[in-house]
Amino acid sequence: MNTSIVIADDHPLMLRGLTDFLTSKGFNIIGSAKDGNAAYNLIVKLKPEIAILDIRMPHRTGLEIAEACKKNDLDTKIILLTFDKEEDVYDQAIEHGVYGYILKEFAIEEIETCISNVANGKSYFSEEIASYLNASTLEQKPDKLDLLTKSELRIVKLISENKTSQDIADELSISVRTVDKHRSNIVSKLGLDNKPTSLSIWANLNKAFL
């Protein structure tokens with residue numbers, strides 16, 4: 001559990017609470033910051049595996065930091081903490097390659113699961129956000145789902161349950177290579193980009209239709 005983590009939040013209580021909680025759980029917190037510039041400088045300097053950032057901070061927002069990390073090819077995986085349920089903020093997070101997105105009111109309950117998913121290269125988004133966004137889009141089934149074959153739909157459903165390619169291969173008794181081939185077909189049919197997290201985010205958001 002030695003994943004190196006930097007935490008940034010401009011609310012001292014939240015920052016201390018989260019730092020103390022994660023430290024007590026054995027996580028390796030290597031730095032903390034109270035504003036966006038300090039947070040970004042820590043990421044550049046310490047190269048943590050994960051940065052947990054408040055989405056709204058002085059000087060730089062969590063989103064701006066995620067964008068800068070992506071632009072500068074930094075390997076740190078970003079988890080955003082937010083009170084925001086706005087769809088455009090969520091879309092920007094996905095666009096900037098954010099791995100985790102947690103609503104602050106569930107931070108303590110969800111953060112450990114989120115970190116372990118992200119540390120393994122899997123995205124994690126608060127279910128509350130996915131269900132809120134699904135409700136706000138009036139439960140419209142994406143047309144592109146109709147382009148997928150039965151096998152592809154089954155794979156997308158398993159991806160929405162955060163299963164890895166290996167898990168899916170085991171469950172369907174096929175090779176990992178076949179799963180990966182299906183994944184790349186699904187990505188191209190859905191018009192997604194090739195980032196490893198894009199398909200799992202899409203699958204999570206459209207869980208209700210699978």
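Is Cys114 buried or exposed? At 0% relative accessibility, Cys114 counts as buried. This value comes from a predicted model. Cys69 is likewise classed as buried, with 2% relative accessibility. No disulfide was found in a search of the whole structure. The closest cysteine sulfur to that of Cys69 lies in Cys114, 16 Å away, which is too far for a bond. A disulfide requires the two sulfur atoms to be within 2.5 Å. Cys114 therefore takes part in no disulfide, its nearest cysteine sulfur being that of Cys69 at 16 Å.

Salt bridges were examined next. The structure holds seven of them. One joins the side chains of Asp9 and Lys104, with an N to O distance of 3.1 Å. This pair connects distant parts of the chain, 95 residues apart. Asp9 sits in the loop between strand S1 (4-8) and helix H1 (12-24). Lys104 sits in the loop between strand S5 (100-103) and helix H5 (107-119). Both partners are buried: Asp9 has a relative accessible area of 1%, and Lys104 has 9% relative accessibility.

A salt bridge also forms between the side chains of Lys25 and Glu112, at 4.0 Å from N to O. Lys25 is partly exposed at 36% relative accessibility. Glu112 is partly exposed as well, with a relative accessible area of 30%.

Lys163 pairs with Glu161 in a salt bridge, their closest N and O atoms being 3.3 Å apart. Lys163 has a relative accessible area of 25% and is partly exposed. Glu161 is partly exposed at 38% relative accessibility. Lys163 and Glu161 also belong to a network of salt bridges that includes Lys157 and Glu171.

Negative charge gathers elsewhere on the surface. A patch is formed by Glu64, Glu67, Glu86, Glu87, Asp88, Asp91 and Glu95. Helix H3 (62-71) and helix H4 (87-95) each contribute at least two residues to this patch. H4 gives the most, with four residues. Glu86 is located in the loop between strand S4 (77-82) and H4. At 42% relative accessibility, Glu86 is partly exposed.

Notes. Residues are numbered from 1 along each chain as its sequence is written. This is a predicted model: local features need pLDDT of at least 70, side-chain atom pairs count only at pLDDT 80 or more; totals for chains, interfaces and linings use all residues. Side-chain values use heavy atoms; hydrogens and water are left out. Patches are made of residues with over 30% relative accessible area and no salt bridge: like charges are joined within 9 Å, nonpolar side chains (Val, Leu, Ile, Met, Phe, Trp, Tyr) within 5 Å. Accessible areas come from the Shrake-Rupley method with a 1.4 Å probe; for residues, only the protein chains shown count as cover. Lys and Arg count as positive and Asp and Glu as negative; His and the chain ends are not counted. The place of a charge is taken as NZ of Lys, CZ of Arg, CG of Asp or CD of Glu. Buried means under 20% relative accessible area, exposed over 50%, partly exposed in between (1.4 Å probe, protein chains only).
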